[in-house]
Amino acid sequence: MEIGIARETKEGERRVALGPAQARVLARDGHDVRVERGAGLGIGATDDEYAAAGARIVGADEAWASELLVKVKEILPAELDQVRAGPVVFGYQHLAGAPGMTRELAARRASAIAFELVRDARGQFPLLAPMSCLAGRMAVDAAARHFGKAPARVLVLGGGHAGVAAAAAARDAGAHVWLLTRSAATRDAAERALGSTVECGYAVSEAIEQHALEADLVVGAVFIPGTPTPRLLPRALVARMRRGAMIADISIDAGGVAETSRPTTHAEPTFVAEGVVHYCVPNIPAADPAASTRALGEALLPFVRRIAGRGFEAAFASDAALAAGLVLWRGRACHERIAREAGLPYTYPFAVPNP
């Protein structure tokens, strides 16, 4: 199979979906690995290293024309001219909360698999988890850099990988930490992971309000697959928070937990709204591109090998994890919630595998 590795164009994005080590495995499998020129420079991997691994160094057009294109971040408006019927784009798609982009990609007859929706038999998200853990820790680090010291009182909204990682980082830095989540199962799992040093409870409006008003830092780490993030922090509540407090909104890719949140960049990571500092960088792990690429590449490689070895139809029909990640196929919307949000008919073109 033709496997393209794209060079990321999002501001501040220095990761690459697969490094030379993964490219070598795919080339040894007999696949035509095409690396867009300069794709690995952000992690210090040169074109010569990819070539030595058995890949071909190509321009953007040839990389994007591959049967399977892997990239880290979502398809950007500036990249739409590269999208065509045929190639399948495998990356973080972040189409929840972006119905206009969903409709645009569908009109271009695009095919896309979303890293963030690939879900294994245990209900886990193997391609989201490593980046979520990094983002959780790094959001707390960003707050400490801003304050010049570790925040003393931290509220974490969400008990998934990002939320637990953020709570652990804040606790280890000496903070009093509250973690609020929506379900008993998630709360119990967070309690087991964090121990009694973090107060875990339910994300009901009363608890959110109480702790948000006390906190120096609120971390938004809510993730609902294929659905925009619920706005748990309305503007009126943000306006009552401590002056100079911070919201680190890891959930910004799906809209964010705060009504006042909007995406920022690594170049300009914060802004102030209602007297509260907002840190809303959608690609936080890009600040440590080498470590992020290693973690993502190791998680991604088995899925790429599965697709390349079996072909798309057989891979989707036999692998429930990959089937869960398919969001578009030849312009047809294959994820029910994303289709509904975009006003498109939902269809799944392959046999649905057993979970």
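Reader: Why is Arg 108 called partly exposed?

Author: Arg 108 has a relative accessible area of 28%. Buried means under 20% relative accessible area, exposed means over 50%, and partly exposed lies in between, with a 1.4 Å probe and protein chains only. Arg 108 is therefore partly exposed. The model is a predicted one, in which local features need pLDDT of at least 70 and side-chain atom pairs count only at pLDDT 80 or more, while totals for chains, interfaces and linings use all residues. Residues are numbered from 1 along each chain as its sequence is written, and side-chain values use heavy atoms, with hydrogens and water left out.

Reader: What makes the pair Arg 108 and Glu 104 a salt bridge?

Author: The term requires a side-chain nitrogen of Lys or Arg within 4 Å of a carboxyl oxygen of Asp or Glu. Between the side chains of Arg 108 and Glu 104 the N to O distance is 2.7 Å, so the pair meets the definition. Glu 104 is partly exposed too, at 30%.

Reader: Why is Arg 34 called buried, and which residue does its side chain meet in a salt bridge?

Author: Arg 34 has 9% relative accessibility and therefore counts as buried. Its side chain meets that of Glu 2 in a salt bridge of 3.2 Å, N to O. The pair links distant parts of the chain, 32 residues apart: Arg 34 is in strand β2 (residues 32-36) and Glu 2 in strand β1 (residues 2-5). Strands (E, at least two residues) and helices (H or I, at least four) are DSSP runs numbered from the N terminus. Glu 2, at 25%, is partly exposed. A search of the whole structure finds 21 salt bridges.

Reader: What makes Thr 102 buried, and which residues does it touch?

Author: Thr 102 has a relative accessible area of 1%, so it is buried. This residue of helix α4 (residues 99-107) touches Leu 95, Ile 338, Ala 342 and Leu 344, not counting residues up to four places away in sequence. Contact means heavy atoms within 4.5 Å.
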